[in-house]
Amino acid sequence: MDLEPNKKFVVPIGPQHPALKEPGHFEFAVDGEIVTGATVRLGFVHRGIEKSAESRTYVQNLYLMERVCGICSHVHGTAFTIGVEHLAGVTVPPRANAIRVLVAELERIHSHMLWLGVAAHEGGFDTLFMYSWRDREKVMDILEEISGNRVHYSANVIGGVKFDISEEQRGKILSSLDFLEERTRHYLKVVNEDETFLGRTVGVGIMTREQAESLGAVGPTARASGVERDIRVDAPYAGYEQFPVRMITDTRGDLHARFVVRIEELFEAYRVIREILDHMPEGELTARVPRRIPAGETISRVEAPRGELLYYIKSNGTDMPERVKVRTPSLCNWGSITSVAVGHKLADMPMLLVGIDPCFSCNDRTITIKSAGVDLGWTWEDLRQHGIEAYR
Amino acid sequence: METKLASPWVKVIEGLKAWARINSPWVIHYNSGSCNGCDIEILATLTPRYDLERLGIKIQGSPRHADVLICTGPVTRQSRERLLRIYEQMPEPKFVVAVGSCGLSGGVFHGSYNIVGSIDEVLPVSAYVPGCPPRPEAIIHGVVALLESLKQPA
Ligand code: SF4
């Protein structure tokens, strides 16, 4: 046995591990029980989506972008279509915008409930996991009812949306919302009152406002640290101008605050959905969009369940984009883990990890840093070769 | 030293093993590059509405305990080696279920530079569950179909 006193003991976790359903590799340096350093290695699900987008048409790309992430597929579609519509100079009919917001908020409900369950599971609270996933099925039913699919609902088309909300569906959504709202109240009570749960969350993983700002945290993770940052409020897109949301923040910055912020956001989502269903604008669902998109470049931002999602699209006047760049919220939040983890017990790591609601499928990408004067554009062949070499 | 049993015993023991395997297979799940959609549906099969465990199927974390590998997503270059390693760690006999269009053909990511291809280009697959993503019922059906096929004497 090595008893050298200064030697660090490193606990590797992943990429295949029972806690998270996606591959990521972590290394925690520990001193006894206490974590003294943490590193993350991502990249196991890098599929090369941005490059693939350059050889697909805009319509094909819409479906590709939805598949960046299965949990928040609608916001990816929305961000992409908003960008393309902006380039094409098309105005989306108000009814389509309202339906986009409706689906986005339904998606937020499903995502937050999914997260609540997984987070509770990491804390060893499987009862809450089962309850929240049971109730989440209600949202999945609504999504399936209106779109025909449980996960990739594909609500967007370039220029509008694909489906309408009928009177009958409206009634179903409203009655499901009543049920969900009642359940959510119960969850809030559990999260605020359960002794063991409080013991594992209050004062754990505190990220101050300054830290959150300097680490570039986004979404509920940042809002739980008191950072007022929500694209739905700061720069309303789609129908959020007509159906404004209230920003939920908390100043405590610990794990408990992250739970509370997300659960409060659920109530806000229920309210917005009811509002939309009561004041649904009349009119068309789609606007005509030319197949060739005029040359230009644009940036579109939307608020995904996990935070700000940014798309940059550059068009060269053909029916395929020249460049699509995706910046997803999870990647911005990763930095907070590695610095917040230090000083905590190893046993708190799973909960800290899920505290940011991590998602791997959307943050695995390659980046080359451009140095002055050298063109580092990669062709398809270069990338393939690089991939083969790197993982031989 | 190997003990040789008389053939009727071998038959009984083999029958018993097959019976146990079919009635309580342990499953491991690996995401080799999927978009997450398939994974959340697999997780949904564990939860009260679908409750896979009532069929004796248990999802657990270690490849060394697993009989069935449920694999989602296209195989990316980085995860290929991991996938193989997990498969090698599983005890015989082992089976692979590929879930989702991506696992079957590469799906929307087909042809991308970082994709090796479908799961069956890397591992022998026993059951395919198509869909993007497949419904939880379909995933359960896939696993049950695999178990049914084991009932036939090989
Ligand atoms: S089949 Fe569909 S849901 Fe499943 S991993 Fe592929 S894109 Fe995602």
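Is Phe267(A) buried or exposed? I began my notebook with this residue, working from a predicted model.

Entry 1: I looked up the relative accessible area of Phe267(A) and found 17%. Buried means under 20%, so Phe267(A) is buried. I then turned to Tyr270(A), which also counts as buried, at 0% relative accessibility. Both residues belong to helix α11 of chain A, which covers residues 255-278. They are three residues apart there, so about one helical turn separates them.

**Entry 2: Ring geometry.** For the rings of Phe267(A) and Tyr270(A), I noted centres 6.3 Å apart and planes at 85°. Planes over 60 degrees apart count as edge-to-face, so this pair is edge-to-face. I noted a further edge-to-face pair, formed by Tyr237(A) and Tyr240(A). Its distance is 5.0 Å centre to centre, with 70° between the planes. Tyr237(A) and Tyr240(A) are both buried.

**Entry 3: A cluster in chain A.** Which residues form one aromatic cluster? I listed Trp115(A), Phe125(A), Phe197(A) and Phe259(A). For Trp115(A), I also looked for a charge over the ring. I found Arg262(A) over the face of Trp115(A), 4.3 Å from the ring centre.

**Entry 4: A charge over a ring in chain B.** Where does the charged end of Lys94(B) sit? I found it over the ring of Tyr87(B), at 4.4 Å from the centre of that ring.

Methods: Residues are numbered from 1 along each chain as its sequence is written. Chains are lettered from A and ligands numbered from 1 in the order in which they are written. This is a predicted model: local features need pLDDT of at least 70, side-chain atom pairs count only at pLDDT 80 or more; totals for chains, interfaces and linings use all residues. Side-chain values use heavy atoms; hydrogens and water are left out. Rings of Phe, Tyr and Trp (its six-membered ring) pair if their centres lie within 6.5 Å; planes under 30 degrees apart count as stacked, over 60 as edge-to-face and the rest as tilted. Buried means under 20% relative accessible area, exposed over 50%, partly exposed in between (1.4 Å probe, protein chains only). Helices (H or I, at least four residues) and strands (E, at least two) are DSSP runs, numbered from the N terminus. A charge sits over a ring if NZ of Lys or CZ of Arg is within 6 Å of the ring centre and within 35 degrees of the ring normal.
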